[in-house]
Amino acid sequence: MPMPTEERVSQLVAGLVADRGFDLEGVAITSAGSQARLQVVVDTDGPADLDAIAVLSNDLSETLDAAADFGDTPYLLEVTTPGIDRPLTAERHWRRAQGRKVRVQLREGAEPVEGKKEFEARVGALGDAEIALVLGGKNKPHRVTVPLADIGRAVVQVEFSTPGAAELALAGGIAAGRPTPGEEPADITGKDSE
């Protein structure tokens with residue numbers, strides 16, 4: 001029996017993912033010898049709750065086993081959240097990235113922003129078909145507005161230092177439930193370190 005397509009798996013799991021309060025961001029199937037690797041990428045507006053993702057993983061496994069689309073092919077199911085290098089392609093991605101630094105490339109034919117077709121900026125508030133971006137970094141932060149249709153590609157950047165207060169204020173702060181760029185997240189195990 002051939003393996004199911006990514007589209008078929010997406011159809012099988014989309015309702016369950018939504019019922020559990022997540023957005024389905026993607027499905028990828030690869031094979032390694034006689035085993036299949038199934039990666040289901042989910043996201044949500046709040047922080048990633050590892051317990052909720054574990055429950056979702058178990059529920060997805062039961063759903064996939066019941067559908068029997070993999071037949072006798074063993075598969076490894078991985079339920080994960082998007083990586084830092086995921087391009088911002090939907091409005092919800094921009095909303096969740098508020099306060100983060102992004103590398104922006106404007107599409108061909110778009111009006112340059114301050115003379116540039118490619119630049120780094122901090123994500124501000126999402127408007128109606130446009131995004132506020134903070135340019136100038138910590139030293140000279142200022143806000144510009146760019147139509148989403150003018151953006152060809154945008155990817156969140158890894159930050160090792162905390163953004164300036166004025167820069168973050170112009171961005172409207174950090175999206176709710178997201179960590180502050182440049183700061184270590186709290187211990188995700190919930191245990192106190194000794």
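Begin by selecting Arg100, which is buried, with a relative accessible area of 19% (buried means under 20% relative accessible area, exposed over 50% and partly exposed in between, with a 1.4 Å probe and protein chains only). This is a predicted model, in which local features need pLDDT of at least 70 and side-chain atom pairs count only at pLDDT 80 or more, while totals for chains, interfaces and linings use all residues. Residues are numbered from 1 along each chain as its sequence is written, and side-chain values use heavy atoms, with hydrogens and water left out.

Arg100 sits in the loop between helix 3 (91-96) and strand 4 (101-106); helices (H or I, at least four residues) and strands (E, at least two) are DSSP runs, numbered from the N terminus. Leaving aside neighbours within four places in sequence, Arg100 is in contact (heavy atoms within 4.5 Å) with residues including Ile84, Arg122, Glu159 and Pro181.

Strand 1 runs antiparallel to strand 2 (residues 35-43), and nine bridges join them; Gly26 stands opposite Val41 in strand 2.

Finally, move to Asp59, in helix 2 (residues 50-67), which is buried, with a relative accessible area of 17%. Leaving aside its neighbours within four places in sequence, Asp59 is in contact with Leu16 and Arg20.

Notes
Two strands pair if DSSP finds at least two bridges between them.
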